[in-house]
Amino acid sequence: MLESMGALTGSPWIYAVVALSVLLDVFLPVLPSGVLVITAATAAAAGTTSVAAGSAGEVPQVPSLLALILSAATASVLGDLVAYRLAWRGGDRLDRAIARSRRLTTAQERLGAALGRGGGILVVIARFAPAGRSVVSLGAGAAHRKVKEFLPWSALAGVAWAGYSVGLGYFGGQWLGTTWLGTAVSVLALFVAGALAAYLMRRPGATAATPATAPAAASAPKTS
């Protein structure tokens, strides 16, 4: 397994594999896209992937940190947009599915309020939470939020997540060595960030009044 991973991280194909994994995990959150990005960045920290060189004596390519960030961030935004457009065109069946899910309904309401105020930081936070990216992208599309409201925050979320993941892998490899221990600690740090993001998303006060409550407050009769 080490030889296979070393051969992959020492090949230009690593960028395509990372991009495909990140693109698809908006629909399949179980894909270990973050782990793959961290592993590739750890290989970059090594300066060379000696496992991939084998007996042929060839020096493999070292993954470029900038290329890793760009491929992961671009794929993240593209995946968000695909989910957003599918939810936009989902019709009544998707609306009923969202209505049956308290998590999706709550996320859709909070996201609508946040984007309406021009403060889509919720999109950035959700990018780090397990399945949060899926919930927010689908919620934005199902709520028919304007793409100009959603896209900039999706781009910021993709760059932040990609930069954080690559940074974890690279600096973890620099400080702890390019071993499975260094990779494991970096992955653990990614999971900790995901748990914190999930906690912030669940906080009732994470956003202001939702669209459902704001009109009700505005239409309440005056007592004086």
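Contact, on this tour, means heavy atoms within 4.5 Å. Keep in mind as you click that this is a predicted model.

**Stop one: Ser 21.** Select Ser 21, which sits in helix 2, residues 13-24. Now show what surrounds Ser 21: setting aside neighbours within four places in sequence, you'll find contacts with Leu 31, Pro 32, Ser 33 and Leu 36. Is Ser 21 buried or exposed? It is buried, because its relative accessible area is 12%, and the cut-off for buried is under 20%.

**Stop two: Arg 133.** Next, pick Arg 133 and show its side chain. What does it pair with? One partner is Asp 25, in a salt bridge with an N to O distance of 2.2 Å. This pair ties together distant parts of the chain, with Arg 133 in helix 9 and Asp 25 in the loop between helix 2 and helix 3 (33-46), 108 residues apart. Arg 133 and Asp 25 are both buried.

Asp 80 is buried, as is Arg 133. Show the three side chains together and you have a salt-bridge network of Asp 25, Asp 80 and Arg 133.

**Stop three: Glu 149.** How many salt bridges does the structure hold? There are 3. To see another one, select Glu 149 and Arg 145, whose closest N and O atoms are 3.2 Å apart. Glu 149 counts as partly exposed because its relative accessibility is 22%.

**Stop four: helices 8 and 9.** Colour helix 8 (residues 121-128) and helix 9 (residues 132-142), which pack at about 145° with axes 6 Å apart. On the helix 8 side, show Val 123, Ala 126 and Arg 127; they meet Gly 132, Arg 133 and Val 136 of helix 9. Sorted by class, that contact has 3 nonpolar, 1 polar and 2 charged residues.

Then click Ala 131, in the loop between these two helices. Check its phi: it is near 65°, a positive value in a residue that isn't glycine. Most residues other than glycine have a negative phi. Ala 131 is partly exposed, at 27% relative accessibility.

**Last stop: the surface.** Switch to a surface view and select Phe 27, Leu 28, Val 30, Val 82 and Leu 86, which make a nonpolar patch of about 490 Å². Leu 86 comes from helix 5, residues 65-88, and is exposed, with a relative accessible area of 52%.

Notes
Residues numbered from 1 in each chain as written. Predicted model: local features only at pLDDT ≥ 70, side-chain atom pairs only at ≥ 80, totals over all residues. Heavy atoms only, no water. Axes fitted to C-alpha atoms, helices over the stretch in contact; angles between N-to-C directions. Helix = DSSP H or I, 4+ residues; strand = E, 2+ residues; numbered from the N terminus. Nonpolar A, V, L, I, M, F, W, Y, C, P; charged D, E, K, R; others polar. Patch = residues over 30% accessible without salt bridge, like charges linked within 9 Å, V, L, I, M, F, W, Y side chains within 5 Å. Areas by Shrake-Rupley, 256 points an atom, 1.4 Å probe, with all protein chains shown as cover. Salt bridge = Lys/Arg side-chain N within 4 Å of Asp/Glu carboxyl O. Buried < 20%, exposed > 50% of the residue type's maximum accessible area, 1.4 Å probe, protein only.
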